[in-house]
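Hi,

Here is the structure I promised to pass on.

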Amino acid sequence: MVTFSIGDKVEVIDDTTKGEVVGIDESIITIAIEEGFQLIYHASELVKTSSEVIAVTNSEIAEIKVQKEIPKRKNTVAVKPKERSAPAMEVDLHINQLVKSTKNLGNYEILTKQMEVAKYQLEFAIRKRIQKVVFIHGVGEGVLKEELYYLFKRYDNIKFYDANYQKYGLGATEVYIYQHTQ
């Protein structure tokens with residue numbers, strides 16, 4: 001089994017997603033991708049990438065082919081129902097997570113930036129066929145939450161509801177994206 005280290009460049013097997021390892025929890029690997037957020041994968045779903053050229057002889061290729069022909073029993077990890085329903089993507093809309101400094105930003109500029117990020121991440125999730133997204137908006141006065149609801153209502157293929165109270169309290173909304181099979 002391949003071991004990963006923080007900073008390793010990786011690609012997702014059977015997908016075009018590339019990123020850098022930013023977190024490791026046993027066999028669960030968190031990667032940061034170019035689009036600016038983090039995704040979580042099992043170590044078996046990732047492969048390290050590098051710019052090094054590897055020389056392989058014909059006999060080594062033949063040996064690999066022979067090894068692949070022998071079926072091996074697949075080790076499956078039982079996923080608990082709670083983990084199975086865990087969101088694939090979290091988007092933290094707290095302004096201190098989005099910009100370096102809020103020094104010269106008024107309430108309107110802050111809300112506009114938060115909504116731009118929310119719309120971009122929602123569109124990204126739809127394009128990448130990510131089914132669940134949690135938008136962390138905080139409690140506050142509820143202005144951002146209402147603006148998010150207004151945004152979500154513009155999409156026919158999503159439903160939204162309060163996220164898991166135990167994990168997020170009242171400060172998050174979960175969006176479920178229906179995947180059309182056409």
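Below is what turned up, going from the overall picture to the core, the strands and the charged pairs.

A word on the ground rules first. This is a predicted model, so local features need pLDDT of at least 70 and side-chain atom pairs count only at pLDDT 80 or more, while totals for chains, interfaces and linings use all residues. Residues are numbered from 1 along each chain as its sequence is written, and side-chain values use heavy atoms, with hydrogens and water left out.

**Overall**

The protein has six helices and nine strands; these are DSSP runs numbered from the N terminus, with helices being H or I of at least four residues and strands E of at least two. Of its 182 residues, 30% count as buried. Here buried means under 20% relative accessible area, exposed means over 50%, and partly exposed is in between (1.4 Å probe, protein chains only). The accessible surface comes to about 13,500 Å², and 51% of that belongs to carbon and sulfur atoms. Those areas come from the Shrake-Rupley method with a 1.4 Å probe, and for residues only the protein chains shown count as cover. As for contacts (heavy atoms within 4.5 Å), 52% of those with a separation of 6 or more are between residues 24 or more positions apart.

**The core**

In soluble globular proteins, nonpolar side chains tend to be buried together. By nonpolar core I mean a set of buried Ala, Val, Leu, Ile, Met, Phe, Trp, Tyr and Cys residues joined through side-chain atoms within 4.5 Å. The largest one here has 34 residues, and I31, F135 and F152 touch the most other members. Elements that each supply at least two of its residues include β3 (28–33), β7 (132–136), α5 (143–152) and β9 (172–177). The largest share, seven residues, comes from α4.

Leaving aside neighbours within four places in sequence, its contacts include V10, V12, V21, V22, F37, L39, Y41 and L46. There is also a second, separate core of five residues, among them V134, I136, A163 and A172.

**Strand β9**

What about β9, is it mostly covered or open? Six of its six residues are buried. In a regular strand the side chains alternate between the two faces of the sheet. In β9, A172, E174 and Y176 point one way, and T173, V175 and I177 the other.

β1 pairs with β2 (residues 18–25) in the antiparallel sense over three bridges, with K18 as the bridge partner of E11. The two make a hairpin with five residues between them, and D14 in the turn has a positive phi of about 65°. β2 then runs antiparallel to β3 and is joined to it by six bridges. I31 comes up again here, with V21 standing opposite in the pairing. That hairpin has two residues between the strands, and E26 takes a positive phi near 55°.

**Charged pairs**

The search of the whole structure found four salt bridges, meaning a side-chain nitrogen of Lys or Arg within 4 Å of a carboxyl oxygen of Asp or Glu.

- K9 and E20, with the closest N and O atoms 3.0 Å apart. K9 is in strand β1 and E20 in strand β2, so the pair ties together parts 11 residues apart in sequence.
- K167 and E90, at 3.2 Å from N to O. This pair links helix α6 and strand β6, 77 residues apart. K167 is exposed at 55% relative accessible area, while E90 is partly exposed at 36%.
- K145 and D162, with the closest N and O atoms 3.6 Å apart. K145 lies in helix α5 and D162 in strand β8, so parts 17 residues apart in sequence are tied together.

Cheers

Key
Two strands pair if DSSP finds at least two bridges between them.
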